[in-house]
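Student: I have a protein structure on my screen and I am new to this. Can you show me how to read it?

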2 protein chains.
Amino acid sequence: MAASTLTEVARLAGVSPATASRVLNGSARIPGKDIADRVRQAAESLGYIPNAQAQGLAKSSSGLIGLIVHDIADPYFAAIARGVQDAAREQHKMVLLATTEGAPDSEKEAVAAFAARRADSIVIAGSRTSRTEDLEGNTELAAELDRYCRNGGHVGVIGHGIVGAATADGYHVVSVPNEELAAQLATELAASREEDFVIVGGPEGLFTSDDRIRGFQRGLASAGLPAADVIRTDFTRAGGFEAGLALAARITASQPGTATKRLCIFAVNDVMAIGTAAALRSQGLRIPRDAAVAGFDDIETLRDFRPALSTVHLPLEEIGRQAASSAAGPSADDAGSPPITGQVILRRSTEVAHPTSAESAA
Amino acid sequence: MAASTLTEVARLAGVSPATASRVLNGSARIPGKDIADRVRQAAESLGYIPNAQAQGLAKSSSGLIGLIVHDIADPYFAAIARGVQDAAREQHKMVLLATTEGAPDSEKEAVAAFAARRADSIVIAGSRTSRTEDLEGNTELAAELDRYCRNGGHVGVIGHGIVGAATADGYHVVSVPNEELAAQLATELAASREEDFVIVGGPEGLFTSDDRIRGFQRGLASAGLPAADVIRTDFTRAGGFEAGLALAARITASQPGTATKRLCIFAVNDVMAIGTAAALRSQGLRIPRDAAVAGFDDIETLRDFRPALSTVHLPLEEIGRQAASSAAGPSADDAGSPPITGQVILRRSTEVAHPTSAESAA
DNA sequence: ACGCACTGGGAATGCGCTTTCCCAATATCC
DNA sequence: GGATATTGGGAAAGCGCATTCCCAGTGCGT
């Protein structure tokens, strides 16, 4: 038993398919009350469900919004996804998900797949890169997106724009002030102490990471401090852990000479920071006593982490929502949504050591 | 400029649309090599992207798999989503996402929407409920699903089957041995100590929660222990926190009389456990010194939590994958995938107190 | 009372593709 | 060598719906 069609409904109601279509799916012309009721009742009794594919074909618009993330299980992306999902619901659309592990070529594939499905708009989250090995992939991605836009698609990119993407109509980017916020974090961190700063960053060429590193260094510089060492590693917990191990060795080695200052480690995202902290701990070091650690993103699930992680709050959900709705169309006034802001949140993990009562406070 | 169509490609290649279709999209009949090349080249030069909607309409199958979760930002669901996404990729399908906050009626809507899009299969994650206020919703959901199945759809449900769902063809459930595992957890916890047990559970009627509670009580019973008190609260971190506050008061109150045993708190999921732990801590209590805490799920992001949380590991990703592929079709032998198993993982949060060296170990 | 603009419904076309059916040309067999 | 398979391509009929165009009926104006 196949699903019933509009035609069947129309026949049962004793009207033409055209009329049935008009009453069941919002049309400019609304048939007379009595007829409408008949049709609706027929539809009800048949359990009619409109075929969205056919509707899409006829209207050439699908009610779909595509979302591209690196990994949906990463809380950062999950939070963004929630925002996108919210916006989608408001727009009465569904979200189509694609995960790409961050590879430009599979992002390109995803865009093509979305284009094939005639997604009304697509949101790309996840940091852009400028690595030379990604150059070709980025170019192709940009071309694919460009084509998608020229065909009437709308795209919302989170963070940096796609490298090489023409500023076509329908191409929006929700920019995140990574650099400024990182600078601010550095400033606040520098204000209350004197320490050696170290940055645990992602691979070179990753915009999000690079921006945060640059910002942090700038903040340090403007506080009159020397630039921090930068350790490059994976943009993941594992990467952070690895870096943490190296740093633990460094800290332990310098322990004897008590003259060395405490290390303040800035990991460019919370997940990495957690990894770094775990590594430090695994080597018997304690935070913030033996080292301060700060992250970035303020991931919700991580807020109960102990010691509470200093970080930069980012309205991830809002970012996702904005990306989805900016791509939805001009809506109201195009000035629309306010720029994204974040704020530095200093918590226990970067507290200055109180030599005496270090263990007391929660 | 609209996207180019198959007809245009065919014209450019000097063949009929039929032939073009045959070469570009896997068909049983493969045209001659030379013709095929001509077509492929034409497609390439036109940047042809097949219209999936039209394909779907013609073939009546969409290459879509629908996923229904409570909240995509919840790490539990995010992990499952990743598994589903994986399976989807293997099947060359895309996943369509719907979040429902767990409300049966919006789940029903989601199913209808998926049906409208002619999703090839749909996966429902998130605990089923048997609350009377959900009864109607559940019935409608079951009806909707049943209709979907009768129309040739496949559904994979995670955990419990939908209440009242007929065992139609194409209806699969990936069952999770919540009860057994909870019993096992109780047994292991009971073995090494004597404590007062308390369960922090979700609202009554939530299968996942109820199963785990029942299992835990059974485990306690078979260890000769009395049933634990059960605190009902939300199935969220906030719920856990609230319960934790109440428990903290209870612990603090009984502190004076040193005769009371340490409390061992079993929260029915990790997120709640974290909330409970946070509440305890906020009241100056320490884990595991003043109370032991255990969770369930072994959420990845929470593994670095301190003190490390005792829990039951569930192969969430695998669960999602299985749900997606069981719904995909018989594949190989239908016995297919092995049953889901989990394992109890005892960590620091339930360690027995060493009155002396309590603060030493990591 | 006649012609007018309207209103409300139906017929028909097309969205882009797959697929069945059909036909011409070549290959195969006795 | 003529008849029968077999191959390779095209024509055309939908898939389920939206929508444009058309037409009958109604109200109105003068």
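**Reading the surface near the DNA**

Tutor: Begin with H4(A), which gives the most to the surface near DNA strand D, 4 residues. Helices here are DSSP runs (H or I, at least four residues), strands are DSSP runs too (E, at least two), and both are numbered from the N terminus. This is a predicted model: local features need pLDDT of at least 70, side-chain atom pairs count only at pLDDT 80 or more, and totals for chains, interfaces and linings use all residues. Residues are numbered from 1 along each chain as its sequence is written, chains are lettered from A and ligands numbered from 1 in the order in which they are written, and side-chain values use heavy atoms, with hydrogens and water left out.

Student: How many residues surround DNA strand D?

Tutor: A residue is near a strand if one of its heavy atoms lies within 4 Å of it. Here 25 residues surround DNA strand D, and the closest are A:Leu6, A:Ser21, A:Tyr48, B:Thr19 and B:Arg29. Of the DNA strand D atoms that come within 4 Å of the protein, sugar and phosphate account for 60%.

Student: Which helices supply at least two residues each of that surface near DNA strand D?

Tutor: In chain A, helix H2 (17-24) and helix H4 (52-59) do; in chain B, helix H2 (17-24) and helix H4 (52-59) do.

Student: How do the residues of the surface near DNA strand D divide?

Tutor: Sort by type: Ala, Val, Leu, Ile, Met, Phe, Trp, Tyr, Cys and Pro count as nonpolar, Asp, Glu, Lys and Arg as charged, and the others, Gly among them, as polar. This surface has 12 nonpolar, 8 polar and 5 charged residues.

Student: Which polar side-chain atom lies 2.5 Å from a phosphate oxygen of DNA strand D?

Tutor: One belonging to A:Tyr48. A:Gln55 has a side-chain N or O atom 3.2 Å from a phosphate oxygen of DNA strand D.

Student: What area is buried between chain A and chain B?

Tutor: Buried area is the accessible area (1.4 Å probe) that two parts lose on being put together, summed over both. Between chain A and chain B it is about 4900 Å², and carbon and sulfur atoms give 54% of it. Contact means heavy atoms within 4.5 Å. In this sense, 52 residues of chain A are in contact with 52 residues of chain B.

Student: How many salt bridges are there between chain A and chain B?

Tutor: Side chains of opposite charge can pair when their charged atoms come close. The rule asks for a side-chain nitrogen of Lys or Arg within 4 Å of a carboxyl oxygen of Asp or Glu. Between chain A and chain B the count is 4. One joins A:Arg237 and B:Asp304, with the closest N and O atoms 2.5 Å apart. On the side of chain A that touches chain B, H5(A) gives the largest share, 7 residues.

Student: In what sense do S2(A) and strand S2 of chain B pair?

Tutor: Two strands pair if DSSP finds at least two bridges between them. S2(A) and strand S2 (residues 94-99) of chain B pair in the antiparallel sense, over 3 bridges. A:Leu97 stands opposite B:Val95.

Student: Which peptide bond has omega near 5°?

Tutor: The bond from B:Ile287 to B:Pro288, which is cis. Another cis bond joins B:Arg306 and B:Pro307, with omega about -5°.

Technical notes:
Polar contact = N/O pair within 3.5 Å; in protein donor to acceptor, adjacent residues only side chain to side chain.
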